[in-house]
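Please look through the sequence and the structure before reading on.

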Amino acid sequence: MTGLPARLRGAIAALLRGRPQPASAPQAPRTRLTYAEWVARHGTPGPAALARLAACLGERPARVSVLMAAGEHDMAAVTASLASLQAQLHPDWELCLAAPADLVLPAEPRLRRVAGSGLDAAWGLAGGDLAIVLEPGDLLAPEALAAATLDLAAAPEARLVYADEDRLDAAGRRTDPWFKGGWNPDLFRAQAYALRPCVIRRVALEAVGGLAGPPGAELYATLLRLAEGAPAGAIRHLPLVLLHRRADAPSEEPAAHAAALSAHLAATAPGARVETLPQGGWRRVVWPLPATPPRMSLCIPTRDRVALLEGCVEGLRHRTDWPDLEILVVDNDSAEAATREYLDSLADDPRVRVLRETGPFNFSRLNNLGAAAASGTLFGLVNNDIAVREPGWLREMAGHALRPEVGAVGALLHYGDGTVQHAGIVLGIGGVGSHIHKRLAGAAPGYQGRVAVAQEVAAVTAACLLTPIATWRRLGGLDEAKLPVAYNDVDYCLRVREAGLRVVFTPHAVLDHLESASRGLDDGGARRARLERDKDWMRGRWGALLDADPFYSPNLALDATDCRLAAQPRWRPGWMQSA
């Protein structure tokens, strides 16, 4: 369908286009929706929706080659996958199967098979314009191939589209949905979230040498090559559950995927190292640092509360592994004698400078003053209630911040009781944005591993944020006129992204944060009124962008921070909606 006239492509695009709804005013979380309830309400297209999809598909859609490699014991699983293909709304598909010659399967004219054991053999049979890889036992939703084909037809610049998935338990019930976000290179390095279901243009596959990689990681290795240097829009996400997998089907092949990623990084990012994590078989990329690490300037705004301040500063001075550290304490009218005495004592350390600022508390201005005095290549914002837990946290953050495509980096922060305080900010929660997975147990991986792996996010908290000083100065730092206290970090991160740079959250830098311990909470009176004014300003500045976090599924709720299911999805393609 890539050869369709522009007029027809435009018509298809209009039909596919969803109707995003503006975020509603913040409200108490609704009763948690079970996945069975969600499937009944939103996850099963009815006859009218399927008829609209079929009408849009037309008479001659692009052929889809379904690639599969099977073993001698996979007859029942292949038969189940074949049945799901035979139920497809999309009529023009072929199953290209590499399998032992004695594997007995039902007669099907669209089944092409070759004796072999690898996906490369199946790829050799493919004749379609599009390709998708399935494992024996994978079941496609009836609308899957049609929906993906139309999505690619409406976006000629796209190389592939991936969608959401769930699992089938022993009774055949749908469970464990994986509602994914938009394309996220850091997340894909850490976990193979975009592998299935994934429909790829043949020309894109051929451009990277076909389907090839270590055994067990052919598709992962291929997508790493295909995504390298991909322009915006080349990799699309369709937030529909189009694949049902067996409950025991692995999401990762830890050794094979780590080998594929290591080989890819050796060619594209020399010096980067891959570690396999104990959870999920996921991966951590340890990014290289220069032989002589650059100077790091860390800014700590403070006012009295000397016990907090001393715990923070001493953790930076004595428990942080970084050879060239500059600590800038910006004192905002501290009046207590103990605080003044401690600040005076810091004069003995040439790495520490104390800057003085009078007047009402303005978090943005205090950090801007610190940045103006900074002499480092990297600039870090550190709240005075941050406590260092392990010495390598700054090396982890700097490894990301020194990547040329990254503009801001945030850490995993825990409350004093060990639960999660910050694991990235999701736009739209609370009207502007909020920390995801608040109060989650510290060792828990979060929704589909969100707390356990490094990934790109829309924003991170300024309680512990690292950024290149050149980026900070080019963007003008924090907005001290409009956002003196709240949301200045979200605004800064959105400007970082607007400038074409990434914001990265890494859970491999872990610190403790006694949130707002020194300043208090914005839970009433003038502080609450100011917070609401800041919200209004942010919505006026960023508008619809706050309603559509690119890394958070529209199928997940914005009235809670625990990734519960949305009572009403915020996006659906046009064919799923009545006129």
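## Salt bridges and cavities

With a relative accessibility of 34%, Arg-353 counts as partly exposed, a class that lies between buried (under 20% relative accessible area) and exposed (over 50%), computed with a 1.4 Å probe on protein chains only. This is a predicted model, in which local features need pLDDT of at least 70 and side-chain atom pairs count only at pLDDT 80 or more, while totals for chains, interfaces and linings use all residues. Residues are numbered from 1 along each chain as its sequence is written, and side-chain values use heavy atoms, with hydrogens and water left out.

Arg-353 forms a salt bridge with Glu-326; the term stands for a side-chain nitrogen of Lys or Arg within 4 Å of a carboxyl oxygen of Asp or Glu. Glu-326 is in strand S13 (residues 325-332) and Arg-353 in strand S14 (residues 352-357), so the pair ties together parts 27 residues apart in sequence. Strands (E, at least two residues) and helices (H or I, at least four) are DSSP runs numbered from the N terminus. Glu-326 is buried, at 8% relative accessible area.

The structure holds 43 salt bridges.

| Salt bridge | Closest N and O atoms |
|---|---|
| Glu-326 with Arg-353 | 2.8 Å |
| Asp-138 with Arg-245 | 3.2 Å |
| Glu-135 with Arg-196 | 3.3 Å |

Asp-138 lies in the loop between S4 and S5 and Arg-245 in strand S9, so this pair joins parts 107 residues apart in sequence. Asp-138 is buried, at 0% relative accessible area, and Arg-245 is buried as well, at 2%. Glu-135 and Arg-196 are both buried.

A cavity is a set of points on a 1 Å grid over the protein atoms alone where a 1.4 Å probe fits but cannot get out, and its lining residues have an atom within 4 Å of a point. Grid points are joined across faces, edges and corners, and the volume is the space filled by probe spheres set on them.

The largest cavity holds about 150 Å³. Its lining has 17 residues, and Lys-180, Gly-181, Leu-187, Arg-450 and Phe-551 lie nearest the centre. The second largest cavity holds about 80 Å³. Among the residues lining the second largest cavity are Trp-38, His-42, Glu-143, Leu-240 and Arg-572. Strand S9 gives the largest share of this lining, three residues.

Key:
On a 1 Å grid over the protein atoms alone, a cavity is a set of points where a 1.4 Å probe fits but cannot get out, and a pocket is an open set with protein on both sides within 12 Å along at least five of seven lines; lining residues have an atom within 4 Å of a point.
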